[in-house]
Amino acid sequence: MLNNECRIGDILKTLLFSKSPQPYWNPYLAGIGLGIVLLASYVVMGRGLGATGAFTSAVSYGVQQISPEHAATSPFYSSYLPTTRHPLADWLVFEIIGVVIGGFLSGTLAGRVKKTVEKGPRITVPGRMLYAFVGGIAMGVGSRLARGCTSGQALTGGALLSVGSWVFILAVFLTAYVIAYFVRKQWT
Amino acid sequence: MNAPFYEYGFFGDNFSLVVALITGIGFGFFLERAGFGSGRKLAAQFYLTDMTVFKVMFTAIVTAMLGLFWLSWLGLVDYALVSVPPTYLVPQLVGGIIFGTGFVMGGYCPGTSCVASSTGKLDGGVNLVGMIAGILLFGEAFSLLESFYNSSSMGAFTLPQVLGLSEGLTMFLIVVSAVGGFMAAERIEARYRNGSDNPIA
């Protein structure tokens, strides 16, 4: 019995904290998993997934804390600041907290949680960080202009056959292929 | 079965936040499983060495699209109560161009930068901070952008309406294109693949 428990403990230990990273899943299998999560969200909630919406709520709430007047007079911030509930008691805010947890859970189980910087061999760490920051700004602006990102627009609207979502998907992919040439030093 | 459950009032706003958390955990889990916590793997899509982004995204779209279509055909889900994101054609085109630039520069999209951050990628964290700055920038410039942001508004506008085809036929065409795309992706990878799918390298 004791021996058995030790074994189970060892197995759990290797499963949870395995030092050597395991390979990623087959992309089609991971895609079906994602698709089922999205489908479940349609069926249970009548809405799809999202990401940037959560951060827009957080930004709007932050602006409101610093200058309530500025937030109230902006039609953009105020649309994310409901009066009937706390602005952070929001569906997408809770969903994105889940994304952070789910990602960590999966990474931990597969031994892939590691403090590192993702970059190609030809760029310095500060250089990569600058790209990550500037790219983030573009992502933030672009997603607000498009009313959604890869989650809220491409996946959610794509599967619901929204014209705007498909235009967004095509624009994202085509542009990224063009810009990839100019930032190749970062990745290759 | 009356679905969407929330729309039929089976539970309230408080419980919907629990649903949100669980949904997010599933979302984040599969993003990480696919390898989307790695900026190199995501960016490799645009250097033709690893087509995982395309494969995962289109498999997910097709799965959810067909699943919803069949559930609604069986009378289990009221398709009309699932909210279709409204189309604002030109802002979404321009937004996509800016977003695509940010994607290949930053290496992540908003959801994947969360997964990257929670699995220890420091560049993912910096990317997240940049995204928050971008949203703030947009918010501060909103008075200048507002009329463009609201331009070419077309409401819930779908591909079957544009193509003049039935929903089923439109979906069939999407599935055929996806399968064709997957076959092309496999061939491209066979030609250009390097070690980017290896989480250790």
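The model is predicted, so local features need pLDDT of at least 70 and side-chain atom pairs count only at pLDDT 80 or more, while totals for chains, interfaces and linings use all residues. Residues are numbered from 1 along each chain as its sequence is written, with chains lettered from A and ligands numbered from 1 in the order in which they are written.

**Where the chains meet**
- Chain B brings 108 residues into contact with 110 residues of chain A (contact means C-beta atoms, placed from the backbone, within 7 Å).
- Helix H1 (residues 13-34) of chain B supplies the largest share of the side that touches chain A, 18 residues (helices are DSSP runs of H or I, at least four residues, numbered from the N terminus).
- By class, that side of chain B has 66 nonpolar, 33 polar and nine charged residues (Ala, Val, Leu, Ile, Met, Phe, Trp, Tyr, Cys and Pro count as nonpolar, Asp, Glu, Lys and Arg as charged, the others, Gly among them, as polar).

**Domains of chain A**
- Chain A splits into domain 1 (1-114) and domain 2 (119-188), with bounds from an automatic or database domain assignment.
- Their centres, taken over C-alpha atoms, are 20 Å apart.
- Eight residues of domain 1 of chain A are in contact with nine of domain 2 of chain A.

**A look at Gly24(B)**
- Gly24(B) sits in helix H1 of chain B.
- Gly24(B) counts as buried because 31 C-beta neighbours lie inside 10 Å (the cut-off for buried is 20 or more other C-beta atoms within 10 Å).
- Among the residues that Gly24(B) touches are Phe94(A), Gly98(A) and Gly102(A).

Key: Two residues are in contact if their C-beta atoms, placed from the backbone, lie within 7 Å. Helices (H or I, at least four residues) and strands (E, at least two) are DSSP runs, numbered from the N terminus. A residue is buried if 20 or more other C-beta atoms lie within 10 Å of its own, exposed if 12 or fewer, and partly exposed in between; C-beta atoms are placed from the backbone. Lists of a residue's contacts leave out its neighbours within four places in sequence.
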